[in-house]
Amino acid sequence: MTAQEQYVEFGIEREQYAIRIQDIHEIIKMQDITHIPGVMPYVKGVINLRGKIVPVLSLRDLFGMEEQTYTKQTRIVVVNHAVDTVGIIVDRVSKVTTFNDIQAPQGRFGGLDGRLFTGIGLTSGGLVGILQLEEVLLRD
């Protein structure tokens, strides 16, 4: 990880998070999700993304936050994970950014386990948790 990498910054409630831009396939508006019975509660179902079936999960649910109604700002961040493509529902996408200073995560960031983060980006607007996709997507 270098300080000059680009990241897509997004928000869930009042917290800001980021994912390396190279891990992102695309960002799409919220759309109808087909529910799949018997999956973990944070897996909202699947979408048909131009003929490819993509599982979609909610970071809110994964992080133990209260469910909220989707808004016009709600987005699905489609990420490349190993050989799969996964959609992540976020409240809003803010911007593409770089960080001049990235610090190692502590044991906890907000109410979340520090292992979910590769680092904490420092900005003039505050702290941004840079997600460790492996930990986030493979979490039980």
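The legends below describe close-up views of a predicted model.

**View 1. An open sheet of 6 strands with mixed pairing.** The strands of this sheet follow one another in the order E8-E1-E2-E13-E12-E9. Strand E8 (92-97) and strand E9 (101-103) lie at the edges, and because each has a single partner strand, one side of each is left without a neighbour in the sheet. From one strand to the next, the twist averages 30°.

**View 2. The hairpin of E1 and E2.** Strand E1 (residues 7-12) and strand E2 (residues 15-20) run antiparallel and are joined by 6 bridges. Among the facing residues, Ile12 has Glu15 of E2 as its bridge partner, while Gly11 stands opposite Gln16 in E2. The hairpin has 2 residues between the strands, and Glu13 takes a positive phi near 55°.

**View 3. The parallel pairing of E2 with E13.** Here 3 bridges join E2 to strand E13 (residues 126-131), and the two strands run parallel. One of the residues to look for is Ala18, whose bridge partner in E13 is Ile130.

**View 4. Glu9, a buried residue without a salt bridge.** Glu9 is found in strand E1. When neighbours within four places in sequence are left aside, Glu9 is in contact with Gln16, Tyr17, Ala18, Val93, Ser94, Lys95, Thr97, Phe99 and Val128.

**View 5. The largest nonpolar core, with 25 residues.** Within this core, the residues that touch the most other members are Tyr17, Ile19, Leu59, Phe63, Val79, Ile88 and Leu131. At least two core residues are supplied by each of E1, E2, helix H1 (59-62), strand E6 (75-81), strand E7 (84-90), strand E12 (117-123) and helix H2 (133-137). In soluble globular proteins, nonpolar side chains tend to be buried together.

**View 6. Leu59 and its contacts.** With neighbours within four places in sequence left aside, Leu59 is in contact with Phe10, Ile12, Ile88, Ile89, Val90, Leu131 and Val136. Of these partners, Ile88 and Leu131 are listed together with Leu59 among the residues of the largest nonpolar core that touch the most other members.

**View 7. A second, separate core of 8 residues.** The members of this second core include Ile28, Ile47, Val56 and Val78.

Conventions: Residues numbered from 1 in each chain as written. Predicted model: local features only at pLDDT ≥ 70, side-chain atom pairs only at ≥ 80, totals over all residues. Heavy atoms only, no water. Pairing = 2+ DSSP bridges. Helix = DSSP H or I, 4+ residues; strand = E, 2+ residues; numbered from the N terminus. Axes fitted to C-alpha atoms, helices over the stretch in contact; angles between N-to-C directions. Buried < 20%, exposed > 50% of the residue type's maximum accessible area, 1.4 Å probe, protein only. Lys, Arg positive; Asp, Glu negative; His and termini not counted. Salt bridge = Lys/Arg side-chain N within 4 Å of Asp/Glu carboxyl O. Contact = heavy atoms within 4.5 Å. Core = buried A, V, L, I, M, F, W, Y, C linked by side-chain atoms within 4.5 Å.
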